[in-house]
Amino acid sequence: MTASTQEIPGDGTFLVGEEIRPGTYRSAGPADDTTGCYWARLKGTTGDSGEIIANSSGKGPVTVTVLAGDKAFQTSGCQTWKPLP
């Protein structure tokens, strides 16, 4: 995946500026009825909870703005994230 990719798959940790572009993205919500949609903006990729800038999970649609200063964006159990204009 390159930073020119417009959509973000629903599962994974993606480096900002290398694998995804900064910007505002929207997911329709959980990929299935058994899980929630979790996302996190990260300032590092070691997995330490102190690296979480902001995060949330839920059962409905969600919009997140990934900033250029974020190191990574993590997502789990979500439908594909689509960029908003």
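Me: What is the hand of the link between cysteine 37 and cysteine 78?

Reply: Right-handed, with 100° about the S-S bond. Before we go on: this is a predicted model, where local features need pLDDT of at least 70 and side-chain atom pairs count only at pLDDT 80 or more, while totals for chains, interfaces and linings use all residues. Residues are numbered from 1 along each chain as its sequence is written, and side-chain values use heavy atoms, with hydrogens and water left out.

Me: Why is the pair of cysteine 37 and cysteine 78 called a disulfide?

Reply: The label goes to a pair of cysteine sulfur atoms within 2.5 Å. Here the sulfurs of cysteine 37 and cysteine 78 are 2.0 Å apart, so the pair meets the rule. The count of disulfides by this rule is one.

Me: What makes this link a tie between parts of the chain?

Reply: Cysteine 37 sits in strand β3 and cysteine 78 in the loop between β6 and β7, so the link ties together parts 41 residues apart in sequence. Strands here are DSSP runs (E, at least two residues), as are helices (H or I, at least four), all numbered from the N terminus.

Me: How do you know whether cysteine 37 is buried or exposed?

Reply: Buried means under 20% relative accessible area, exposed means over 50%, and partly exposed is in between (1.4 Å probe, protein chains only). Cysteine 37 has 2%, so it's buried. Cysteine 78, at 4%, is buried too.

Me: And what is glycine 12 called on that scale?

Reply: Its relative accessible area is 27%, so glycine 12 is partly exposed. That glycine belongs to strand β1, and its bridge partner in β6 is threonine 75.

Me: Why do β1 and β6 count as paired?

Reply: Two strands pair if DSSP finds at least two bridges between them. β1 (residues 12–15) and β6 (residues 72–76) have four, in the antiparallel sense, so they pass. β6 also runs antiparallel to β3 (residues 37–42), joined by five bridges; tyrosine 38, for one, has serine 76 as its bridge partner in β6.

Me: What makes β5 and β7 edge strands?

Reply: Look at the open sheet of three strands, ordered β5-β2-β7 with antiparallel pairing. β5 (62–66) and β7 (82–83) have a single partner strand each, so one side of each is left without a neighbour in that sheet. β2 (residues 23–27) and β7 pair over two bridges, with arginine 26 facing lysine 82 of β7 as its bridge partner.

Me: What makes a set of residues a nonpolar core?

Reply: They're buried Ala, Val, Leu, Ile, Met, Phe, Trp, Tyr and Cys residues joined through side-chain atoms within 4.5 Å. The largest one here has 13 residues, and Val64 and Phe73 are among those with the most contacts inside it. β5 gives the most, with three residues.

Me: What does valine 64 touch?

Reply: With contact meaning heavy atoms within 4.5 Å, and leaving out residues up to four places away in sequence, valine 64 touches Gly23, Thr24, Tyr25, Trp39, Arg41, Phe73 and Trp81.
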